[in-house]
Amino acid sequence: MLKQIEQIFKNHGVEPIGFAPFALVALPGKRLPFEGIQTVIIASFPYLPPQPYQPTNLCLYARLPDYHRVIKTILSPIVDELEKAFPGHRFSPFADSSPVREVYAASLAGLGCIGKNGLLITPKYGSFVFLGGLLTDLAIESALCEPIQCRDCGRCFSACPTGALSPAGLDRSKCLSAITQKKGQLSEEEERAIRKNGMVWGCDQCQLACPLNRDTRPSSIREFTDNIRPSLSEADLDTDL
């Protein structure tokens, strides 16, 4: 069963994938797409373009088409094929908005380690990946990995423009990426952080400083490599984000 599922994903250009018991990675209180979920099938979707990184007022992922839609478009034919291969079983795609601790699930499934910024760092694509996958009522047995943290080199701590990162982990209240995505009124300190760093949305500094991102490969997903906008103008602010 496991090899058959892996091959179906591979046939659609998605590899590697991992498996985790839903009970171990479920977020409490979240609405489920259906009852009886047994397994999380999880994968990473790289988005680093082949051209050199160019700093703008947007983090890289915000310059791309909506990754939720892209990932679900990729997963849709996989769902169709799995439903034919395993009649009577259900498969529900997810990308970011899910009842699953996705980074933990991916690490548990052996797809990478967890950075101090809370992102998954994969061997091939570093942390420049989105996570997505399928929820299924199939009980799929697979070897689990002990989730590991990154090697405390401290470079992300030094690179963080607001001091949100430390050996203790991420303080989201200080994170520039979180601040730029915050709804409601900003504090004076938060407004100063945005003006000082010139970011309209997001922040890539911890990822750019990470040595595990140094030799990462570019994405082969054309929606992410061929549709990059350079920045956001003032005229865009009320309509784009």
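1. **Basis.** The model is predicted: local features need pLDDT of at least 70, side-chain atom pairs count only at pLDDT 80 or more, and totals for chains, interfaces and linings use all residues. Residues are numbered from 1 along each chain as its sequence is written, and side-chain values use heavy atoms, with hydrogens and water left out.

2. **Overall fold.** The protein has 9 helices and 8 strands. These are DSSP runs, numbered from the N terminus: helices are H or I of at least four residues, strands are E of at least two. The radius of gyration is 19 Å, close to the 18 Å that the globule rule gives for 241 residues, so the protein is as compact as a globular protein of that length. That radius is taken over C-alpha atoms, and the rule is 2.2 Å times the number of residues to the power 0.38. Along its principal axes the C-alpha trace spans about 55 × 40 × 35 Å.

3. **Burial and contacts.** Buried residues (under 20% relative accessible area, 1.4 Å probe, protein chains only) make up 44% of the 241 residues. Contact means heavy atoms within 4.5 Å. Among contacts between residues at least 6 apart in sequence, 73% join residues at least 24 apart.

4. **Helix 3, geometry.** Helix 3 covers residues 67–85. Its 19 residues should span 27 Å at 1.5 Å a residue, and the end C-alpha atoms are 27 Å apart, which agrees. The expected span is 1.5 Å times one less than the number of residues. The helix bends by about 30° at Leu75, and Pro77 follows within four residues. The bend is the angle between axes fitted to the seven residues ending at a residue and the seven starting there.

5. An α-helix has 3.6 residues a turn, so residues three or four places apart point the same way.

6. **Cysteines.** With a disulfide taken as a pair of cysteine sulfur atoms within 2.5 Å, the count is 0. The sulfur of Cys160 is 6.6 Å from the closest cysteine sulfur, in Cys175, too far for a bond. Cys203 is in no disulfide either; the nearest cysteine sulfur, that of Cys206, is 6.3 Å away. Cys160 counts as buried at 15% relative accessibility. Cys203 counts as buried at 16%.

7. **Ser177.** Ser177 lies in helix 6 (residues 176–180). Ser177 is buried, with a relative accessible area of 16%. Leaving aside residues up to four places away in sequence, Ser177 touches Gly202 and Cys203.

Note on methods:
Buried < 20%, exposed > 50% of the residue type's maximum accessible area, 1.4 Å probe, protein only.
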